[in-house]
Amino acid sequence: MIYNIIMYAIQLGVAIYSNFNEKVRKMWQGERIAIDVLRKNVDPDGQYIWFHAASLGEFEQGRPLIEMIRKRYPEYKILLTFFSPSGYEVRKDYKGADIITYLPIDTVTNAQKFLRAVRPVMAFFIKYEFWYNYLHILRHRGVPVYSVSSIFRPDQVFFKWYGREYGHVLKCFSRFFVQNEESKTLLASIGIKDVLVVGDTRFDRVLQIKEAGKHLPIVESFTGFDFKSINSKQSRRRVFVAGSSWLPDEQIFLKYFGEHDDWKLIIAPHVIDEGHLAEIRKLITNKRVVRYTTTNEEEAKDADVLIIDCFGLLSSIYFYCDVAYVGGGFGVGIHNVLEAAVWQRPVIFGPNNKHFAEAQGLMKSGGGFEITGYDSFCAIMNRLSADSDYLKECGDKASAFVRDKSGATERVIANIKL
């Protein structure tokens, strides 16, 4: 089968490329020891529910489901696997799973060895994970397999004449929990009927994140915004937070704020290496700039720009802003707009958002705004700056959009057999 040839070729390519790239090397090493990790750690008497997420974003989608199952059904153990180092390396110490490992590339041999080492009683594949050999073995064994928060588009290979053979992999799933009606219609067109439209579990996840928001004294001092009292907003300069930004994003908003002194600016770039931080610094003129890891509360209080040069804070930082910007829309695609919207803030992002249902929905709700360049950014910011009532209205709409779309996790739990 062509698929298996491709998988073995990918495995060979990863092995070779691992000699030249640290990220790929971590993945290759992790995959090679995955079977041994299972053999060493699997409880032979345990009943394992397997969750697979390609990377960190998919894990965050699956996390509410993992934690709800763990809370309600503690008799089951959780196996969590990742394909990408960006997921595994960040969450390898996650306490919500009993075993965490890489998933070896989907060759017949790897799939057989993996599923001999652990025999899950149920499996969940998050969003875009459709591994042919793993899924066929699970189906052969009669193991219930669910696809969660999946979303389908007409241009995907499953719905093309040349992809029909590979499309049979979708029939290995016991049930699909999809995000929208279009996905259900597309699956029905190729004979897949056991499909429920439940929405996206990411909405549940950002509500969890909001509840666990961090108090950040340096950010609080910089913004004059008390985490415990929203009323403190009244006596401070407004704050603009740019999250997961890239250079094309930064060139736009830094040009604008170079001419507007009535705003404070927090930048949490997607890449925080010294080279990129130096690029950002060159774009900022006539401003007092501090970096999060090297400043203190007193210095931050008098600064105009705060650069977040570490990870793990952004989802809480959005609380301290009046307007949020989410980067990536001038590149491969926007990052997580929901983390900002949940805090009742209007959200601005770039044009590469067409395949991001949450961004499309946020725009329709009136809580999100697409920009295509500097002029459109100016138009939006000028209106939000000039009209406080409009700014609040947009923030309210963003928050309502998140609340209205929540609940997918409960709908999944109600439709599985445990």
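Which residues in α1 meet Val24, Met27 and Trp28 in α2? Select Gln11, Val14, Ala15 and Tyr17: these are the α1 residues in contact, where contact means heavy atoms within 4.5 Å. By class, the contact of α1 with α2 has six nonpolar, one polar and no charged residues; Ala, Val, Leu, Ile, Met, Phe, Trp, Tyr, Cys and Pro count as nonpolar, Asp, Glu, Lys and Arg as charged, and the others, Gly among them, as polar.

This is a predicted model, in which local features need pLDDT of at least 70 and side-chain atom pairs count only at pLDDT 80 or more, while totals for chains, interfaces and linings use all residues. Residues are numbered from 1 along each chain as its sequence is written, and side-chain values use heavy atoms, without hydrogens and water.

Next, display α1 (residues 2–17) and α2 (residues 22–41) whole; their axes come within 8 Å and cross at roughly 125°. Axes are lines fitted to C-alpha atoms, for helices over the stretch in contact, and angles run from 0 to 180 degrees between N-to-C directions. Helices (H or I, at least four residues) and strands (E, at least two) are DSSP runs, numbered from the N terminus.

Now select the open sheet of seven strands, ordered β10-β11-β9-β8-β12-β13-β14 with parallel pairing; pairing requires at least two DSSP bridges between two strands. The edge strands, β10 (289–291) and β14 (368–370), each pair on one side only.

Within the sheet, select β8 (residues 238–245) and β9 (residues 263–269), which pair in the parallel sense over seven bridges. Phe240 has Leu265 in β9 as its bridge partner.
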